[in-house]
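The sequence and structure are shown first.

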Amino acid sequence: MEIANLSRRSLLEAIAAVIATAATPLGWAEVAHAMAQSHSASHTAGDPKISFLTAAEAADIEAVAAQIIPTDDSPGAREAGVVYFIDRALGTFFSQLASDYRAQLVTFQAGYRDRYPAARSFTSLTSEQQIEFLKGIDKTPFFTTTHLLTMLGMFTLPDYGGNRNGIGWKLIGFEDTHAFHPPFGYYDRDYAGFVIDTVKAQ
C-alpha cells in the first residue's frame, strides 16, 4: 500500500501494532474502549491545556517525546502537541496508568540527575546527552509507555489533544475522509442532514 493511500483502517492497524509491542497493561481493545468513552467530552474541552501533569513533569515528558519523534525537516512530537495528549490521557481515559507512570517518571528523573548531577531538568541537557541517557533506558516501563503515548498522541484524532492540525497525518499522507462503498454509507451520501465530522488541516 502506498503511503499516500493510507486508509483509516490501516492507520488504526499501525497504532495497534505499536500497542502490541509496548510493555503496558493495555491492549488494543482497552485503548479503543477508553478513547471511545472520552470522545464526546473531548469535543467540548476547548484548547488543550496541561491539567494533570505538573509543569516540570510535562516539560520532561515533552523532551522525551521530542526525541522519540524529533523535529527535523518535518514537524515532530513537540509541534504536534503530543504532551497535551499524554496529559489528557493520564488524567482521563488512561487514568489506570497514571499512578505507575508517575512513579516511573520519578525513577527516570532520579536517573538522569544521578548521571548528570548539574542537570536542573531533562530539558536542560543537550540533545546528545538526552539521546545518550534514553539509549540506556529504552527497555524500561517508563520509556515504553512514553513511546506508546507519543505514537498515539502523534497519530490519533486531534480531538484528544495531540496531532495538532493533523500534523501526524500529514507526515504519513493520511487523509481523514469517509469512503462510501455499498452497502454501507453509500445511500446516505446525498442526505441533506448527513454531517461528517472532520478535522480540517490548516
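## Basis of the description

Axes here are lines fitted to C-alpha atoms, for helices over the stretch in contact, and angles run from 0 to 180 degrees between N-to-C directions. The model is predicted.

## Packing of α5 with α6

Helix α5 (residues 95-115) packs with helix α6 (residues 127-135) at an angle of about 120 degrees, their axes lying 11 Å apart. That angle makes α5 oblique to α6, and the crossing is right-handed.

On the α5 side the contact is made by Phe 108, Gly 111, Tyr 112 and Arg 115, and on the α6 side by Glu 132, Phe 133 and Leu 134. By class, the residues of this contact divide into 4 nonpolar, 1 polar and 2 charged.

## Packing of α5 with α7

The axes of α5 and α7 cross at roughly 120 degrees and come within 9 Å, which makes α5 oblique to α7. Here the crossing is left-handed.

From α5, the residues Leu 97, Tyr 101, Gln 104, Leu 105 and Phe 108 take part, and they meet Pro 141, Phe 142, Thr 145 and Thr 146 of α7. The residues of this contact divide into 6 nonpolar, 3 polar and no charged.

## The largest nonpolar core

The largest nonpolar core holds 39 residues, of which Val 64, Leu 90, Phe 108 and Phe 122 touch the most other members. Two or more residues come from each of α3 (55-68), α4 (82-91), α5, α6 and α7 (141-155), and α7 gives the largest share, 7 residues.

Leaving aside neighbours within four places in sequence, Val 64 is in contact with Phe 108, Phe 122, Leu 134, Phe 142, Phe 143 and Thr 146.

Methods:
Residues numbered from 1 in each chain as written. Predicted model: local features only at pLDDT ≥ 70, side-chain atom pairs only at ≥ 80, totals over all residues. Heavy atoms only, no water. Helix = DSSP H or I, 4+ residues; strand = E, 2+ residues; numbered from the N terminus. Parallel < 35°, antiparallel > 145°, perpendicular 65-115°, else oblique. Left-handed = near helix turned anticlockwise from the far one by under 90°. Contact = heavy atoms within 4.5 Å. Nonpolar A, V, L, I, M, F, W, Y, C, P; charged D, E, K, R; others polar. Core = buried A, V, L, I, M, F, W, Y, C linked by side-chain atoms within 4.5 Å. Buried < 20%, exposed > 50% of the residue type's maximum accessible area, 1.4 Å probe, protein only.
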